[in-house]
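Visitor: I should like to go through this model with you, one topic at a time. Could we start once it is on the screen?

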Amino acid sequence: MSKTALITGASKGIGKELAYIFAMKGHNLVLVARSADELGRIKVEIEETYAVSVINVVADLSDAAAAQALYNEVKEKVGDIDYLVNNAGFGDYGAFVDADWDCYERMIALNVTTLTHLTHLYVKDWKGRKAGKILNVSSTAAFQPGPMMAVYFATKSFVLHLSEAVGEELKKDNITVTALCPGPTSTHFGEVSKMSASQLVKNVQIADAKEVAELGYRAMMKGKPVVIHGTMNRLAPVAIRFLPRKWVTRLSAKIMMQ
Ligand SMILES: NC(=O)c1ccc[n+]([C@@H]2O[C@H](COP(=O)([O-])OP(=O)(O)OC[C@H]3O[C@@H](n4cnc5c(N)ncnc54)[C@H](OP(=O)(O)O)[C@@H]3O)[C@@H](O)[C@H]2O)c1
């Protein structure tokens, strides 16, 4: 019997690539984002190419009540799902003191509250049936503080730690939680987060979104707790463990402020 994956932030970037991978593997899809037109085009293309069904839900997940509303709508239209991909997220480059509170409020609601609430709603469903897989998109930003993107880095750290802790708790219930940690990746993220113009992304290798999505998909299916994309990205968190925390923050500031 074919399974169903719910993917947030599926209209662009890593989430869109994940949608095509799940479809290619024969899974039905529930795709969520704000852009109805882009979701519409993806639905048509996927249903023409693969023998799966796609249901689109147009929703702004930076609303604190969004997760419950999405869960209710999916229950009504689709019933149970088998895979949850919490991918939607955004960042904002700039000094903490200069940003509008509204921006941080939306970022925390999307990157943290909705992700946590959806995770909670679905693991409650899955505990009894002893099956279910979650892929939470974190970032290499999760491994250290990030001056100039302080709130974004903190949200991704939250996602990493939440995923590892909940995954450990639910091992006995055959539910897996995987945190995917990409480094800079070619998507709309750079533009949305105003990072495109910063030196930071000009000096590093930018990964391909499809490659990152494939890595995330494989790790999720194997039930790995954490997967980091890129060799250098995998080395950095190991090196950081041997440095005093204040050095790590200063080093991060140097890189971020370039
Ligand atoms: N690209 C990178 O360098 C990078 C590195 C590490 C981690 N990440 C993480 O990867 C994830 C995916 O980002 P991406 O790089 O693929 O960026 P992207 O191309 O900007 O895609 C973001 C996706 O999230 C959706 N989204 C944004 N705000 C939303 C909202 N309020 N409600 C519902 N959907 C919303 C967008 O769709 P709509 O605009 O249509 O709503 C889009 O589908 C994010 O969690 C990001 O933090 C990215």
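Visitor: What span should the 29 residues of helix 4 have, at 1.5 Å a residue?
Guide: The 29 residues of helix 4 should span 42 Å, and the end C-alpha atoms are 41 Å apart, which agrees. The expected span is 1.5 Å times one less than the number of residues. Helices are DSSP runs of H or I with at least four residues, strands are runs of E with at least two, and both are numbered from the N terminus.

Visitor: Before I go on, what kind of model is this?
Guide: This is a predicted model, in which local features need pLDDT of at least 70 and side-chain atom pairs count only at pLDDT 80 or more, while totals for chains, interfaces and linings use all residues. Residues are numbered from 1 along each chain as its sequence is written.

Visitor: Where does helix 4 bend?
Guide: Helix 4 bends by about 35° at A109. The bend is the angle between axes fitted to the seven residues ending at a position and the seven starting there.

Visitor: Which residues of helix 4 are buried?
Guide: The buried residues of helix 4 include M107, A109, L110, H117, Y122 and W126. A residue is buried if 20 or more other C-beta atoms lie within 10 Å of its own, exposed if 12 or fewer, and partly exposed in between, with C-beta atoms placed from the backbone.

Visitor: What do they pack against?
Guide: The buried residues of helix 4 pack against helix 3, helix 5 (150-169), strand 4 (83-86), strand 5 (132-137) and strand 6 (175-181). Contact requires that the C-beta atoms of two residues, placed from the backbone, lie within 7 Å.

Visitor: What follows helix 4?
Guide: Helix 4 is followed by K130, a residue in the loop between helix 4 and strand 5. K130 has a positive phi of about 55° although it is not a glycine. Most residues other than glycine have a negative phi.

Visitor: Is K130 buried or exposed?
Guide: K130 counts as exposed, because it has 11 C-beta neighbours inside 10 Å.

Visitor: Which loop holds N174, and what is its phi?
Guide: N174 is in the loop between helix 5 and strand 6. N174 is not a glycine, yet its phi is positive, about 60°. N174 is partly exposed, because 14 other C-beta atoms lie within 10 Å.

Visitor: Turning to helix 3, which of its residues are buried?
Guide: A66, A67, L70 and V74 are the buried residues of helix 3. They cover an arc of only 95° around the axis, which puts them on the same side of helix 3. The arc is that of the directions from the helix axis to the C-beta atoms. An α-helix has 3.6 residues a turn, so residues three or four places apart point the same way.

Visitor: And which exposed residues are on the face turned away from the buried side of helix 3?
Guide: That face of helix 3 carries N72 and E76. The buried residues of helix 3 pack against strand 1 (4-8), strand 2 (28-33), strand 3 (54-58) and helix 4 (101-129). After helix 3 comes G79, with a positive phi near 90°.

Visitor: Where is A64, and what does it touch?
Guide: A64 is in the loop between strand 3 and helix 3. Leaving aside neighbours within four places in sequence, A64 is in contact with A109 and T113. A64 is partly exposed, with 14 other C-beta atoms within 10 Å.

Visitor: Is L31 buried or exposed?
Guide: L31, which lies in strand 2, is buried, because 29 other C-beta atoms lie within 10 Å. Not counting residues up to four places away in sequence, L31 touches several residues, among them I7, A19 and V54.

Visitor: A last topic: how many residues surround the ligand?
Guide: The ligand is surrounded by 28 residues, and the closest are G9, G13, R34, S35 and G89. A residue is near a molecule if its C-beta atom, placed from the backbone, lies within 6 Å of it.

Visitor: Which helix supplies the largest share of that shell?
Guide: Helix 1 supplies the largest share, 3 residues. Helix 1 (13-24) and helix 6 (189-192) each supply at least two residues of the shell.
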